[in-house]
Amino acid sequence: YQHKPINPHFIFMNTTNPPFDDKNFRKAMAHIFPYSDFLENIRGSIGDKRMTGPLTRAFWGHNEQLTRYEEDMAKAKALIEDSKYSDVSDIREIKFNYINTIEWEKLAGLGMQANAKQLGLDMKVQSLPWSQYSDGVSDKTTAPDLVAVTHAGYFLDPDALLYNAWHSFPKESITWARNPTHFGGNNAQS
């Protein structure tokens, strides 16, 4: 598992509500994540590998040649300037939720929060118990902007991971057994 992990960690963005409805703003947020610091210092280089794309090395279909986002504050700033939310003083507080017992998810959020502040953005990092977390993300209109999620690919079929992560379930079909972190069909878009 150290070389081919099957439990990738994602930060999902709610693409429904402003400012995350803008592609350039979402790309900017991808550039404020502290990738190297997260893997080396927060996760302690415990065998985690940096992903390219939505699939880890364990899954058929993984493509090592995809371009990854990097932590790049200048690029993030330029992307925000190119977005329809270029005046950051008009952007409301950004909400990042994580499950309260997972310390490294908290630290991921705090790293993003520190970088967001450099861009003039206010980000709230909030700890929630699982029941409140899953209830909060089950409706895309009221879900937080960012959520930390570790997915489990229970067997090495790419669909075991991708279906749970990006399939659009009707609201009525959401149960405790399904992944509550989907935000409709838009989260697969860049």
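**Entry 1**

I began with strands β2 and β3 (residues 123–128), which pair in the parallel sense over six bridges. Two strands count as paired if DSSP finds at least two bridges between them. Helices (H or I, at least four residues) and strands (E, at least two) are DSSP runs, numbered from the N terminus.

I must state here that the model is predicted, that local features need pLDDT of at least 70, that side-chain atom pairs count only at pLDDT 80 or more, and that totals for chains, interfaces and linings use all residues. Residues are numbered from 1 along each chain as its sequence is written, and side-chain values use heavy atoms, with hydrogens and water left out.

**Entry 2: strand β1**

I looked up β1 next. It runs antiparallel to β4, and five bridges join the two. In β4, Ala148 is the bridge partner of Ile11. I found β1 mostly covered, with four of its five residues buried. Buried means under 20% relative accessible area, exposed over 50%, and partly exposed in between (1.4 Å probe, protein chains only).

**Entry 3: the start of α1**

Which residue caps the N-terminal end of α1? I found that Asp22 does, with a side-chain oxygen 2.9 Å from the backbone nitrogen of Asn24. Asp22 lies in the loop between β1 (9–13) and α1 (23–31). A polar atom of the Asp22 side chain also lies 3.0 Å from the backbone nitrogen of Phe25.

I then examined α1 itself, where Phe25, Arg26, Ala28, Met29, Ala30 and His31 are buried. The cover over these buried residues includes β1, α2 (35–42), α3 (73–82), β2 (94–99) and α4 (103–118).

**Entry 4: the charge of Asp22**

Is Asp22 buried or exposed? I recorded it as buried, with a relative accessible area of 11%. Asp22 has no salt bridge, and the nearest side chain of opposite charge, Lys84, is 5.2 Å away. For this entry, Lys and Arg count as positive and Asp and Glu as negative; His and the chain ends are not counted. A salt bridge is a side-chain nitrogen of Lys or Arg within 4 Å of a carboxyl oxygen of Asp or Glu.

Not counting residues up to four places away in sequence, Asp22 touches Ser83, Lys84 and Tyr85. Contact means heavy atoms within 4.5 Å. I noted that Asp22 and Tyr85 are 63 residues apart in sequence but 8.0 Å apart in space, C-alpha to C-alpha.

**Entry 5: the salt bridges**

How many salt bridges does the structure hold? I found two. Side chains of opposite charge can pair when their charged atoms come close.

Lys84 lies in the loop between α3 and β2 and Asp21 in the loop between β1 and α1, so the pair ties together parts that are 63 residues apart in sequence. Lys84 is exposed, at 56% relative accessible area, whereas Asp21 is partly exposed, at 27%.

Arg92 forms a salt bridge with Asp145, and their closest N and O atoms are 2.7 Å apart. This pair links distant parts of the chain, 53 residues apart: Arg92 is in the loop between α3 and β2, and Asp145 in the loop between α5 (130–137) and β4 (146–150). I recorded Arg92 as partly exposed, at 37% relative accessible area, and Asp145 as buried, at 2%.

**Entry 6: around Asp145**

I ended with the surroundings of Asp145. Its side chain reaches the backbone nitrogen of Lys95 at 2.8 Å. Leaving aside neighbours within four places in sequence, Asp145 is in contact with several residues, among them Phe12, Met13, Asn14 and Phe20. Glu93 and Ile94 are also in contact with Asp145.

Methods: Polar contact = N/O pair within 3.5 Å; in protein donor to acceptor, adjacent residues only side chain to side chain.
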